[in-house]
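Thanks for coming. I have one structure to go through today, so let me put it on the screen.

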Amino acid sequence: MPENPAVPRDAATVVLLRDSDQGLEVFLLRRVAAMAFAPGMTVFPGGGVDQRDADESVRWAGPEPSVWAEEFAATEPLGRALVCAAVRETFEESGVLLAGTEKGVVEDATRFGDARQALVSRELSLASFLRDEGLILRADLLRPWAHWITPAQEKRRYDTRFFVAVLPDGQHADGVTTEAESAGWQRPQDALADAEEGRSMLMPPTWHTLTELAKFPSAADVLAADRTIVPITPTIVRDGDGLRVVVK
């Protein structure tokens, strides 16, 4: 264990779900090899919290920040920021926008392509984007799922809250992001098989989450699951001449 481990950065990850003829599917991206964190890994959309994600001017529908704070053992400002980061990162990395108006959820998010790129470049904040377009963040489309913290031995660490959300009707996940070399939908069990047979690489949180989701027959069942969120911090231990990750 390092004497002074790096302080984890708050982050949010969203597991997008949809039902298909083959069963429940999740949206996954394979990160480019040049990424500083998790290069080449297959992951869910997500990323670090921006300080602007805590903007109190964001209008939304659904559970209030205090509810998310309680679910994730966080302060209320952080609860707000985590939800905003989840929505922003999902839009940036997959083109799926968990927002809408008083009449419903956005059905075609492609018309916000310019704003999506401005969010990626940090030229635009989520609060400004939603306000300019007259949109409301739809926190009611999200459910809390898990809380993972990068092992203390890692130099780059994240304190990540995992959410699940169903792909809104009419929207499409495209994976158009410079951070991914490929993206697509897979059944959890197929994604696990790819990793087991060496066709992809998964980090422990992704592997664990896919294993959990493989037990559910539909997206509705996932959303209805009763979850108790507790922080999980894997440990890296020496195993002979190599290393392995232990999750308790």
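S182 is partly exposed: its relative accessible area is 37%, so it falls between the 20% and 50% cut-offs that separate buried from exposed. Keep in mind that this is a predicted model. The residue sits in strand β11, which covers residues 180–186. What does S182 touch, once its neighbours within four places in sequence are left aside? The contacts are L28, L29 and R30. As for A118, that residue is 64 positions from S182 along the chain, and the two C-alpha atoms are 22 Å apart.

Now the chain as a whole. Its secondary structure amounts to 7 helices and 14 strands. The radius of gyration is 18 Å, close to the 18 Å that the globule rule gives for 248 residues, so the chain is as compact as a globular protein of that length. Along the principal axes, the C-alpha atoms fill a box of roughly 60 × 45 × 35 Å. Of the 248 residues, 50% count as buried. The accessible surface is about 12300 Å², and carbon and sulfur atoms account for 48% of that. On contacts: taking those between residues at least 6 apart in sequence, 71% join residues at least 24 apart.

Next, helix α4, residues 126–133. Which of its residues are buried? They are L126, A127, S128, F129 and L130. The elements covering them include two helices, α2 (76–94) and α3 (113–120), along with the strands β6 (99–101) and β8 (136–138). Just after α4 comes G134, with a positive phi of about 65 degrees.

Rolling a probe the size of a water molecule over the atoms shows where empty space is left. How many cavities of 30 Å³ or more does the structure hold? The count is 1. The volume of the largest cavity is about 40 Å³.

Methods:
Residues numbered from 1 in each chain as written. Predicted model: local features only at pLDDT ≥ 70, side-chain atom pairs only at ≥ 80, totals over all residues. Heavy atoms only, no water. 1 Å grid on protein atoms, 1.4 Å probe; cavity = no way out; pocket = protein on both sides within 12 Å on 5 of 7 lines; lining within 4 Å. Points joined across faces, edges and corners; volume = space filled by probe spheres on them. Helix = DSSP H or I, 4+ residues; strand = E, 2+ residues; numbered from the N terminus. Rg over C-alpha atoms; globule rule 2.2 N^0.38 Å. Buried < 20%, exposed > 50% of the residue type's maximum accessible area, 1.4 Å probe, protein only. Contact = heavy atoms within 4.5 Å. Areas by Shrake-Rupley, 256 points an atom, 1.4 Å probe, with all protein chains shown as cover.
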